[in-house]
Amino acid sequence: MTIEIDVLTLFPGMLAGPLDESIPGRAVARGLVTLRVHDLRAWGIGRHRSVDDAPYGGGAGMVLRPEPVGDALDALRRPGTTVLLMDPAGEPFRQATARELAGLEHLVLVCPRYEGVDERVRSLVDREISIGDYVLSGGELAAMVVIDAVIRLVPGVIEEASTIEESHAAGLLEYPQYTRPAVYRGMGVPSILTSGDHGAVARWRHAEAVRRTLHRRPDLLAGRELTADERRVIEEERDARRSEGDLA
Ligand code: SAM
């Protein structure tokens, strides 16, 4: 399975470096991903290829006009295309969103600048995506975040096992990872990891993932249907905290 991704931007050069390297770069080189970056000015208006104008009603900054985006989407859209608008008011981008998008055949990502886009552009796109509750100068960094997260989930791009156990894949943060040396600045490695008992290692990792999620992101556990093992780990943690409280 492969995926095609088109990006519409006023700054095509911004995407070249990060997406040429490492996992995305290799995925493109191996033909698993086709990535095309388009200069939105190619669909600009008039001799100056203008793409923006002052907001109706007054106010600071410029607004991206709808015609360049509309014409570009007319040129790129085909059956099976999903158009994503990068926007701070969009749906929060999560690992589940990335997984969903990785299963699609053709994505077009629209990267506005300035004060954002003319409101009528929203009717031309399929989804609006926000990468977090902060404001970037433009949609390019947001698009790169989405593209990177999506590409690594396209089948064949990386080992599937890596994407199943990592943070957020199953609603938990990842368990702690260790590699050599066995002792670093006086800190050792949990002995279970060198025991050779694969079942025990898997149980320990799952319990650690639950513990870490409980301590750092309890909100992730709120919507989760807990297994008996997970409930037990959480109870043990709460008991431990209570007795720490008793000692304090
Ligand atoms: N005036 C807009 C607002 O208040 O929502 C912010 C415009 S921002 C300066 C310019 C562009 O950067 C946005 O149109 C969007 O494409 C992109 N952008 C900024 N923050 C983003 C975020 N958190 N997620 C996705 N895109 C973002």
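Which pocket is the space taken by the ligand? In this predicted model, the ligand takes the space of the second largest pocket. The elements that give two or more residues to the shell around the ligand are strand 5 (81–92), strand 7 (127–130) and helix 5 (139–151). Strand 5 contributes the most, with 3 residues.

The shell was then examined by residue. The ligand is surrounded by 18 residues. Met86, Glu115, Gly132, Tyr134 and Leu136 are the closest. Sorted by class, 10 residues of the shell are nonpolar. A further 6 are polar, and 2 are charged.

Polar contacts with the protein backbone were also found. Tyr134 places a polar backbone atom 2.9 Å from a nitrogen atom of the ligand. Leu136 also takes part through its backbone: one of its N or O atoms there lies 3.0 Å from a ligand nitrogen atom. Tyr134 and Leu136 are both among the closest residues to the ligand. Taken alone, the ligand exposes 580 Å². Of that area, the protein buries 82%.

Domain 1 covers residues 3–160, and domain 2 covers residues 183–243. Their C-alpha centres are 38 Å apart.

Key:
Residues are numbered from 1 along each chain as its sequence is written. This is a predicted model: local features need pLDDT of at least 70, side-chain atom pairs count only at pLDDT 80 or more; totals for chains, interfaces and linings use all residues. Side-chain values use heavy atoms; hydrogens and water are left out. A residue is near a molecule or strand if one of its heavy atoms lies within 4 Å of it. A polar contact is a pair of N or O atoms within 3.5 Å; within protein, one must be able to donate a hydrogen and the other to accept it, and residues adjacent in sequence count only if both atoms are side-chain atoms. Accessible areas come from the Shrake-Rupley method with a 1.4 Å probe; for residues, only the protein chains shown count as cover. On a 1 Å grid over the protein atoms alone, a cavity is a set of points where a 1.4 Å probe fits but cannot get out, and a pocket is an open set with protein on both sides within 12 Å along at least five of seven lines; lining residues have an atom within 4 Å of a point. A molecule sits in a cavity or pocket if more than half of its atoms lie within 2 Å of its grid points. Helices (H or I, at least four residues) and strands (E, at least two) are DSSP runs, numbered from the N terminus. Ala, Val, Leu, Ile, Met, Phe, Trp, Tyr, Cys and Pro count as nonpolar, Asp, Glu, Lys and Arg as charged, and the others, Gly among them, as polar. Domain bounds come from an automatic or database domain assignment.
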